[in-house]
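Please look over the sequence and the model first, and then follow the sections below with both at hand.

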Amino acid sequence: GSMERLVDESISVEDLKDFESRYSAEESEGSVSQDTTFSYAWAMIRSHYKDDVRRGISMMQGLCKSGSDQRDFLFYIAVGYYRLEDYSTSLSYVEKILATEPSNRQALSLRDLIKKKLRKDGLMGMAIVGGGMVVAAAAIGLLSVALGRK
């Protein structure tokens, strides 16, 4: 569907450079507008390179703190984590949107997509338990096994 196209869409290197130069130009003048920051962050989230995607996510997270309409930022952050294949983090951002807006169509279709991926990877149960807890428990388990071997 259209959500699959959106999350899989990659930006061309030329386009990314355009957004970057616009951002740099404003930065050198001492202040970058929210629109420019948003466009550059969204461009980076659509990059082929995971490091760009991570930078784009953290710029979007910075915009979230600016107190303006967060719904869009949360959605694009969710897309970013989806592109990094961090599906449980992506899901947690989608759930934040749905908590205030249960019928948000974009969020609902992204959630369906994430759940499909999680089911395919057999991680659905883990993500529902609360992503982080499971990972922490697994890490502690591995640690105690490692320590016990001495």
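## Overall make-up

Helices and strands are here DSSP runs, a helix (H or I) having at least four residues and a strand (E) at least two, and they are numbered from the N terminus. In this predicted model, the secondary structure of the protein comes to nine helices and zero strands, and reading along the sequence gives the pattern α-α-α-α-α-α-α-α-α. The protein has 150 residues, and 36% of them count as buried.

## How helices 3, 4 and 5 pack

Two helix pairs can be described through their axes, and helix 4 takes part in each of them. In the pair with helix 3 (residues 34–45), the axes come within 7 Å and cross at roughly 150°. Because angles over 145 degrees count as roughly antiparallel, helix 3 and helix 4 are roughly antiparallel to each other, and helix 3 passes helix 4 in a left-handed crossing.

In the pair with helix 5, helix 4 packs at an angle of about 160°, and the two axes lie 9 Å apart. That angle makes helix 4 roughly antiparallel to helix 5, and the crossing of helix 4 and helix 5 is left-handed.

## The largest pocket

The largest pocket holds about 180 Å³ of space, and 14 residues line it. Among these lining residues, Val7, Asp8, Tyr82, Arg83 and Leu84 lie nearest the centre of the pocket.

Which helices each supply at least two residues of the lining of the largest pocket? They are helix 1 (2–8), helix 4 (50–64) and helix 5 (70–83), so that helix 4 and helix 5, which pack with their axes 9 Å apart, are each represented in the lining by at least two residues. By residue class, the lining of the largest pocket divides into six nonpolar, three polar and five charged residues.

## Asp18 and its place in the fold

Asp18 has its place in helix 2 (residues 13–28).

Technical notes. Residues are numbered from 1 along each chain as its sequence is written. This is a predicted model: local features need pLDDT of at least 70, side-chain atom pairs count only at pLDDT 80 or more; totals for chains, interfaces and linings use all residues. Side-chain values use heavy atoms; hydrogens and water are left out. On a 1 Å grid over the protein atoms alone, a cavity is a set of points where a 1.4 Å probe fits but cannot get out, and a pocket is an open set with protein on both sides within 12 Å along at least five of seven lines; lining residues have an atom within 4 Å of a point. Grid points are joined across faces, edges and corners, and a volume is the space filled by probe spheres set on the points. Ala, Val, Leu, Ile, Met, Phe, Trp, Tyr, Cys and Pro count as nonpolar, Asp, Glu, Lys and Arg as charged, and the others, Gly among them, as polar. Axes are lines fitted to C-alpha atoms, for helices over the stretch in contact, and angles run from 0 to 180 degrees between N-to-C directions. Angles under 35 degrees count as roughly parallel, over 145 as roughly antiparallel, 65 to 115 as roughly perpendicular and the rest as oblique. A crossing is left-handed if the near helix is turned anticlockwise from the far one by less than a right angle, and right-handed if clockwise. Buried means under 20% relative accessible area, exposed over 50%, partly exposed in between (1.4 Å probe, protein chains only).
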